[in-house]
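Hello,

Here is the structure for you to look through. My notes on what was found in it follow below.

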Amino acid sequence: MKKKELIKQLIITFQESLPMEVLPRELSLPIDSGKIITVPGVRRCGKSSLFLLAINQLLSAGLTTKEHILFLNFDDERLQFDAENLDDILQAYRELYPDTSLRDVYLFFDEIQVADDWQPFIRRVYEQECRNIFITGSNSKMLSSELSTSLRGRTLQYEEFPLSFREYCHFCGININYYVAANKAKIVNAFKDFLRMGAFPEVALSQEIYKDRILQEYFFVMLYKDLVERYEIRNPSPVRYFIKRVMANLTKPTSINRIYNELKSQGVSIGKNTLYDLIEQTEAIYLFFSLTRYTTSLVKESSSDKKYYTIDTGLRNILLNPQSEDNGKLLENVVFLYLRRTLSLQENIYYYKEKKECDFLICDQLQVTKLVQVSWSIHDEVTRKREVEGLLEAAHATACTDLLIVTFEEEGEIIEEGQIINIIPAWKYMLGAV
């Protein structure tokens with residue numbers, strides 16, 4: 001089948017499937033902004049579902065018809081686009097609907113980063129043909145830095161993540177009114193699963209026996225398609241080791257140089273600069289997020305080791321043999337994701353480390369607005385003392401008065417040195433109790 005005929009088939013098949021039934025998400029896309037709507041996020045986190053929700057909204061509001069929807073998934077292996085043939089998409093649509101102006105069409109391009117040199121095409125379409133453009137991609141650099149350069153002022157970005165805990169409960173049919181004892185027990189059990197298996201939508205909806213297999217497939221695609229193929233990595237073996245090594249050290253400052261020396265001692269030939277490139281590439285595909293140390297010195301900030309967190313704790317658990325002491329790491333990771341996804345545009349997140357440590361510091365421009373410690377339990381007096389002292393030192397250094405300790409199940413309040421420290425279970429925190 002010729003490519004243009006295949007494109008026509010895909011367009012019509014999608015149109016005939018509308019409207020589609022899809023579970024709602026907390027994030028919704030504007031449908032009348034006049035901007036290019038970009039949705040970056042890790043593979044399989046639900047970016048396509050946001051498109052479907054937007055399309056359903058357009059149809060239900062009577063703002064357009066099915067025939068005015070052009071949806072194409074660039075990750076279809078039958079489609080191989082580059083700068084020379086991207087225009088086949090528009091030609092195929094025009095041949096299907098010769099009396100329809102592209103100005104009235106809504107273009108939805110899923111996983112567009114698969115196509116080479118797609119940015120000039122999007123720019124030309126936006127400037128000359130159509131203002132209703134929506135694109136997703138699984139590479140943050142390709143959708144943010146590259147688009148902001150070529151289409152500055154023409155885009156609005158909406159970053160998507162796997163399910164929040166509130167969304168997870170909704171997907172699993174759990175009533176989040178935790179004041180009812182029976183609901184609370186189900187919520188706590190769901191949170192345990194949320195920690196262990198992560199929050200990809202398909203995993204949340206799947207039977208238990210399939211969850212590991214689905215996550216293994218996700219990791220395989222991220223490793224080989226998003227990393228090895230995209231960045232033309234010749235030897236994937238040390239890449240897998242490197243990822244597992246970073247996964248094992250989640251929530252702790254991680255020295256890339258130390259990992260390089262470990263590989264070198266094992267006889268693995270890989271350049272140090274290659275590893276530094278690799279960690280940036282894993283961040284670009286949303287496998288990891290990095291956290292820099294809070295300091296007023298740019299030199300100290302750039303020279304300090306970063307902490308790393310993964311996009312999904314389920315991926316960590318299928319790569320490593322889970323240990324009981326991992327509970328604290330998993331809890332800190334999901335709290336980081338909660339904080340990361342709820343940041344406003346002007347906020348940033350850091351970790352604090354001087355004599356004592358504080359896990360998370362939220363900064364609104366130059367003002368520190370919140371300090372957060374995460375501990376599985378503070379029942380032990382030594383642990384409690386360590387977490388409180390870290391908060392207080394950071395509070396004194398930053399003049400911040402909003403202090404929080406997030407635990408698995410403990411709740412209460414500590415008053416120390418004139419500061420009020422709130423203690424809250426993570427599941428309640430993520431349901432919006434604070």
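Phe161, Tyr286, Phe289, Tyr309, Phe336 and Phe360 are linked into a cluster by ring pairs (rings of Phe, Tyr and Trp, the last by its six-membered ring, pair if their centres lie within 6.5 Å; planes under 30 degrees apart are stacked, over 60 edge-to-face, the rest tilted). This is a predicted model: local features need pLDDT of at least 70, side-chain atom pairs count only at pLDDT 80 or more, and totals for chains, interfaces and linings use all residues. Residues are numbered from 1 along each chain as its sequence is written, and side-chain values use heavy atoms, leaving out hydrogens and water.

The whole structure holds 28 aromatic pairs. One of them, Phe165 with Tyr168, is stacked, with 6.3 Å centre to centre and 20° between the planes. Phe165 counts as buried because its relative accessibility is 2% (buried means under 20% relative accessible area, exposed over 50%, partly exposed in between, with a 1.4 Å probe and protein chains only). Tyr168, at 5%, is buried too. Tyr286 and Phe289 form an edge-to-face pair, 6.1 Å centre to centre with 70° between the planes. Both Tyr286 and Phe289 are buried.

Charges over rings come next. The charged end of Lys3 sits over the ring of Phe81, 5.0 Å from its centre (NZ of Lys or CZ of Arg must be within 6 Å of the ring centre and within 35 degrees of the ring normal). Arg131 lies over the face of Tyr126, 4.4 Å from the ring centre.

Is Glu111 buried or exposed? Glu111 counts as buried, because its relative accessibility is 7%.

Regards
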